[in-house]
Amino acid sequence: MITRTVSKNPRTTRGDLVNELQRAGTNVTRPTISNTLRHHGLRSCSARRVPLLKPVHVRARLKFAREHLDDPKEFWENVLWSDETKLELFGRNTTCRVWRKKNTELHPSNTIPTVKHGGGNIMLWGCFSAKGPGRLIRVHERMNGAMYREILSANLLPSARALKMKRGWVFQHDNDPKHTDRATKEWLHKKHFKALEWPSQSPDLNPIENLWRELKVRVGKRKAKNITALEEICMEEWANIPITVCGNLVKTYRKRLTSVIANKGYITNRNKEPFDQVCKFPSPSFFRYVLAFIFAIDEINKNPYILPNVTLGYHVTDSCNNENKAIENLLQILSGPGDIVPNYSCLSNGKLVGVVGDQSSKTSLQIIEHLNVYGYTQIHYPPTEICQVFYCFNTDDFGIQLLITQKTSLNKLAYQEKVL
């Protein structure tokens with residue numbers, strides 16, 4: 001009940017759960033609720049602030065991701081990415097963590113000085129491609145459509161030439177009103193610049209956001225004294241960003257699209273590479289299940305009477321209880337070694353028979369949706385079992401659905417026996 005309530009409404013507090021359980025006749029403490037939720041992989045975290053997505057935005061993001069999912073790497077390497085950002089002199093350009101002892105949080109070495117309105121700020125426009133950063137300029141006044149076109153006129157083509165963009169290169173900018181007004185579209189068409197059709201409210205799809213974060217981290221370490229020094233430092237650090245950083249952001253762009261599809265069109269984490277999931281706490285019980293699985297496969301292969309003339313193989317992957325990682329692992333198995341190519345298998349030998357689901361139903365349900373498309377069978381491996389007289393079922397939503405199905409089948413069987 002606790003897990004189901006929190007899954008339906010993540011904003012439920014521990015106090016709400018205590019009161020709800022008391023009304024149901026059960027008395028529990030808040031630490032008990034915390035321990036129970038933590039056991040199921042749920043932690044109390046601050047809600048992330050993300051762009052507001054309306055249904056039309058979600059549909060547009062999914063359409064963009066699906067249309068460009070099969071685009072080759074060469075296409076993204078020939079895209080010139082652009083955007084604007086603001087840097088404050090004393091503002092929170094980046095987060096800063098310190099090592100300190102208890103009751104020393106206000107020591108000068110453990111604090112970040114702030115002033116009203118950030119002590120002044122500068123607005124920057126920049127662009128980059130897989131071959132490195134392009135031009136970076138400061139916008140001195142409030143930008144409008146006319147000023148934006150002047151910036152593009154003076155910096156877009158020189159950046160493309162400096163980066164040695166190939167013929168037919170594509171220009172990317174977001175759907176800010178000054179980017180999409182009629183005059184700007186006509187100017188781009190007149191100059192024969194091809195613009196990438198972009199979904200609104202999609203900063204996570206623009207890799208230059210990661211580059212802005214890299215720039216702000218570098219600038220924050222320099223500690224500029226005034227606005228002029230801040231501008232100079234920005235220009236220096238922008239030019240010093242390694243080409244490999246830019247190349248890696250573009251190289252992994254397909255994973256961003258996969259993340260959007262896996263997240264059903266909603267915002268993904270753009271501050272780190274998609275699927276950069278690390279399992280920090282390996283579970284001995286999960287490892288025991290893997291050993292049992294491998295042992296069963298070996299025993300079947302050794303027995304000449306179970307599957308004669310057939311040798312079973314297996315792929316073992318770890319999703320780290322992450323839905324995106326689980327889908328990536330599944331597509332990698334279906335596609336074979338190398339790049340993931342949907343609906344195409346590079347496997348030269350062997351045939352996939354089925355898939356054993358993940359320990360968590362959260363990831364297993366995502367795997368099921370994709371396996372239905374390919375027509376493969378999945379065996380669900382329940383993570384939390386409550387054994388009863390005739391069967392075991394798990395306590396999450398998938399297990400409850402399974403329990404209802406089992407009870408319905410048993411009731412039908414009992415009725416038939418009674419009639420007979």
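Analyst: In this predicted model, helix α9 covers residues 208-222 and helix α10 covers residues 227-239. The two pack at an angle of about 125°. Their axes lie 9 Å apart. Two packed helices are described by just such an angle and distance between their axes. The angle of about 125° makes α9 oblique to α10. The crossing of α9 and α10 is right-handed.

Which residues make the contact? From α9 come Leu211, Trp212, Leu215, Arg218, Val219 and Arg222. From α10 come Leu230, Ile233, Cys234, Glu236, Glu237 and Trp238. Of these contact residues, 8 are nonpolar and 4 are charged. None is polar.

Now the sheet. It is open and has 5 strands, in the order β3-β2-β1-β4-β5. The pairing is mixed. Strands of a sheet pair through backbone hydrogen bonds, either parallel or antiparallel. At the edges stand β3 (132-139) and β5 (194-195). Each has a single partner strand, so one side of each has no neighbour in the sheet.

Strand β1 spans residues 79-88, and strand β2 spans residues 121-129. β1 and β2 pair in the antiparallel sense, over 8 bridges. Take Asp83 as one case: its bridge partner in β2 is Gly126.

Helix α10 links both parts of this picture. Besides its packing with α9, α10 packs on the sheet, where it touches β1, β2 and β3. The direction of α10 makes about 165° with that of β3.

Conventions:
Residues numbered from 1 in each chain as written. Predicted model: local features only at pLDDT ≥ 70, side-chain atom pairs only at ≥ 80, totals over all residues. Heavy atoms only, no water. Axes fitted to C-alpha atoms, helices over the stretch in contact; angles between N-to-C directions. Helix = DSSP H or I, 4+ residues; strand = E, 2+ residues; numbered from the N terminus. Parallel < 35°, antiparallel > 145°, perpendicular 65-115°, else oblique. Left-handed = near helix turned anticlockwise from the far one by under 90°. Contact = heavy atoms within 4.5 Å. Nonpolar A, V, L, I, M, F, W, Y, C, P; charged D, E, K, R; others polar. Pairing = 2+ DSSP bridges.
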